[in-house]
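Hi everyone, thanks for coming.

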Amino acid sequence: MAIPKTHDEFYPIDMGTDGWASPPGYPKEIQQKILSGLLDEENKTGFRTRLLRFEPGCYTTKPFVHDYWEEVYLVEGDLTVGNDENGEGGESFQPHTYACRPPGAVHGPFKSVGGCVLLELHYYDESK
C-alpha cells in the first residue's frame with residue numbers, strides 16, 4: 001500500500017508494535033515500517049522511506065543486491081556488515097553512520113548484537 005508523501009511537519013512515529021512487519025525474505029526479527037512512498041520493483045519506478053529495525057542478536061545469512069538506489073542512516077544501536085552464515089565476523093558500525101549503495105551493489109549480510117534502527121531511502125533513478 002502506498003503511503004503518500006505529503007507536507008507534514010514533525011509528528012510522532014509509533015515505535016511500538018503497530019505498523020511494523022517483516023519484509024519478504026527477511027528473518028521475523030527484522031521489521032520495517034514504511035513512512036512514505038511506494039517502490040514498485042516490478043515496474044522499476046517509485047521510492048519509499050522506511051524504518052528498519054533489528055531485534056538484539058538478529059542476523060541475515062546472505063548478501064543483498066537491489067536494482068534501485070539505497071541510502072541508509074544508522075539511527076540507533078549497532079550494525080555489523082559482512083558477517084558469515086553463523087553471524088560471526090564483519091565490520092561493526094555505530095549510530096550516525098551512513099551508507100549509499102547504487103543499483104547492483106552487493107551488501108551484507110547484516111547483524112546487530114544489541115538491536116538497531118535504520119532510516120532507509122530506496123528509489124529508482126527515473127532520469128534515464
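When I say strand, I mean a DSSP run of E with at least two residues, while a helix is a run of H or I with at least four, and both are numbered from the N terminus.

Before going on, some housekeeping. This is a predicted model, so local features need pLDDT of at least 70, side-chain atom pairs count only at pLDDT 80 or more, and totals for chains, interfaces and linings use all residues. Residues are numbered from 1 along each chain as its sequence is written, and side-chain values use heavy atoms, with hydrogens and water left out.

Okay, the overall picture. The protein chain has 0 helices and 8 strands. Its radius of gyration, taken over C-alpha atoms, is 15 Å, close to the 14 Å from the globule rule for 128 residues, so the chain is as compact as a globular protein of that length. That rule is 2.2 Å times the number of residues to the power 0.38. Along the principal axes, the C-alpha atoms fill a box of roughly 40 × 35 × 25 Å.

How much of the chain is buried? Buried residues make up 36% of the 128. Buried here means under 20% relative accessible area, exposed means over 50%, and partly exposed is in between, with a 1.4 Å probe and protein chains only.

Now, contacts, meaning heavy atoms within 4.5 Å. Among contacts between residues at least 6 apart in sequence, 69% join residues at least 24 apart. Back to threonine 97 for an example: threonine 97 and tyrosine 73 are 24 residues apart in sequence, but 5.9 Å apart in space, C-alpha to C-alpha. Skipping residues up to four places away, threonine 97 touches Val72, Tyr73 and Leu74. And at 30% relative accessibility, threonine 97 is partly exposed.

Arginine 50, in strand β2, is another one to click on. Arginine 50 and glutamate 120 sit 70 residues apart in sequence and 5.3 Å apart in space, again C-alpha to C-alpha. Is arginine 50 buried or exposed? Buried, with a relative accessible area of 3%. Leaving aside neighbours within four places, its contacts include Pro23, Tyr26, Leu118 and Glu120.

That brings us to the core. A nonpolar core is a set of buried Ala, Val, Leu, Ile, Met, Phe, Trp, Tyr and Cys residues joined through side-chain atoms within 4.5 Å. The largest one has 12 residues, among them Tyr26, Leu52, Phe54, Val72, Leu74 and Leu118. Two or more core residues come from each of β2, β3 (69-77) and β8 (116-123). In soluble globular proteins, nonpolar side chains tend to be buried together. Leucine 118 touches several residues beyond four places in sequence, including Leu52, Phe54, Val72 and Leu74.

Most residues other than glycine have a negative phi, and most peptide bonds are trans. Lysine 44, in the loop between β1 (30-40) and β2 (45-54), has a positive phi near 55°. Histidine 96 has a positive phi too, of about 70°, and lies in the loop between β5 (91-93) and β6. With 59% relative accessibility, histidine 96 counts as exposed. Finally, a cis peptide bond joins glycine 108 and proline 109, with omega about -10°.
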